[in-house]
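Subject: Handover of a model with its pockets and ligands

Dear colleague,

I am passing the structure below on to you, together with some notes on its pockets and ligands. Please read the notes with the coordinates open beside them.

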Amino acid sequence: MSALFEPYTLRDVTIPNRAWMPPMCQYSAAPDGPLTGAPTDWHFTHYAARATGGAGLVIVEATAVSPEGRISPYDLGIWNDTQVEAFRRITRFLAEQGSVPAVQLAHAGRKASTDRPWAGGAPVGPEAHGWQPVAPSAVPFDADHPVPAELTKDGIREVVGQFADAARRALAAGFEIAEIHGAHGYLIGNFLSPHSNHRTDEYGGSHENRTRFALEVVDAVREVWPDDKPLFFRISATDWLERDGWTADDTVRFARELHAHGVDLLDVSTGGNASGVRIPVGPGYQVPFAARVKAETPMPVAAVGLITEAEQAEKILANGEADAVLVGRELLRNPSWARQAARALGGEVRVPEQYHRSV
Ligand code: FNR
Ligand code: 531
């Protein structure tokens, strides 16, 4: 039996295989008006295709917990009931197709208020639906980004509450798994790393202080999220900085703490919080970070990053380097990657009845 097509049960949720779709922003929601942040026909089509293509878990893209938590004005959000209603059509269909619907809850921090990548991705001001980003410290991501406003303690408390409200809405929207976005240089990652967190109060300085905000978010979400449903956390295992950054050792230590706080799986990415770093990109280049967490802590892990081939994915799991793989851009190229991997590996995958003549 192929490891990639072994079902995986976390708490009371069984994911039919280990070939999962990671969150990938589509920047396709309305940027203003009553439908701001609500999923559209595009989002339905985009996610439905990967579910009918056999992905066992579909993690909906970074979905902002507040308007100012968006990366771009075109991001999805889950801060109001109109958005919840629009998500229900997607979660219902994914579940009908046998895929587990998940959503990544996000706050963009100091990388907020930027244009869509295909429009250049530059920071936008109020004239283009933009706003003032916030962060743990008034330290910009790079020379092209504005200086963010330093969050006060009240501001921190407000964002923690927004994550809890977003989790409540994610549940109402029909999601089975919530993933907290702690990676790629957004708000939670801004607090974790000494590269971006220069605070001198109890949210800055030591490892315990810099991880405080992330753990307050985890605790607030875990309290709302049902005990029978899994909670994931996505982390950037390293900033790829020579010094003064977040490191793989920090990640291993933090993985133990997240596990103790009720996080069920760590989704292990890298980078995004420091500009101008050299990242050794290549097939499976981030897998070693997931493998370290899995080897040295009790935390289950998902691996991601240039995993494109069925045999490559199978080997990662068979070698015990990860419990699941996330296939991103290859799934954008080929929505039926999971079904084709099943054929290659002799695994079982659900095929829609309507397609049975094609099996
Ligand atoms: C991403 N990625 C990403 N990551 C995340 O945590 N939340 C997100 O919303 C997005 N959005 C996003 C959009 C697009 C268009 C791409 C290509 C990527 C990162 C993604 O989940 C994945 O970690 C990387 O793409 C690496 O995996 P692949 O693509 O090499 O399989
Ligand atoms: C790509 C990215 C991956 C890893 C580090 C930095 C950047 N993604 C990240 C996405 C937005 C689009 C670019 C998110 O995490 C929302």
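This is a predicted model: local features need pLDDT of at least 70, side-chain atom pairs count only at pLDDT 80 or more; totals for chains, interfaces and linings use all residues.

Residues are numbered from 1 along each chain as its sequence is written, chains are lettered from A and ligands numbered from 1 in the order in which they are written, and side-chain values use heavy atoms, with hydrogens and water left out.

The largest pocket has a volume of about 880 Å³ (a pocket is an open set of points on a 1 Å grid over the protein atoms alone, where a 1.4 Å probe fits, with protein on both sides within 12 Å along at least five of seven lines; lining residues have an atom within 4 Å of a point; the volume is the space filled by probe spheres set on the points, which are joined across faces, edges and corners). Of its 34 lining residues, P23, H184, R234, S269 and R329 are the closest to the centre. Helix 10, residues 329-333, contributes the most to this lining, with four residues (helices are DSSP runs of H or I with at least four residues, numbered from the N terminus).

Polar side-chain atoms of Q104 and R329 take part in contacts with ligand 1, the former 2.8 Å from a nitrogen atom and the latter 2.7 Å from an oxygen atom, while a polar backbone atom of L306 is 2.7 Å from an oxygen atom of the ligand (a polar contact is a pair of N or O atoms within 3.5 Å). On its own ligand 1 has 600 Å² of accessible area, and the protein covers 82% of that (Shrake-Rupley method, 1.4 Å probe).

The surroundings of ligand 2 include C25, Y27, I71 and T270. For H181, a polar side-chain atom lies 2.9 Å from an oxygen atom of ligand 2, and for H184 the corresponding distance is 2.7 Å. Taken alone, ligand 2 exposes 400 Å², of which the protein buries 62%.

With best wishes

Terms used. A residue is near a molecule or strand if one of its heavy atoms lies within 4 Å of it. A polar contact is a pair of N or O atoms within 3.5 Å; within protein, one must be able to donate a hydrogen and the other to accept it, and residues adjacent in sequence count only if both atoms are side-chain atoms. Helices (H or I, at least four residues) and strands (E, at least two) are DSSP runs, numbered from the N terminus.
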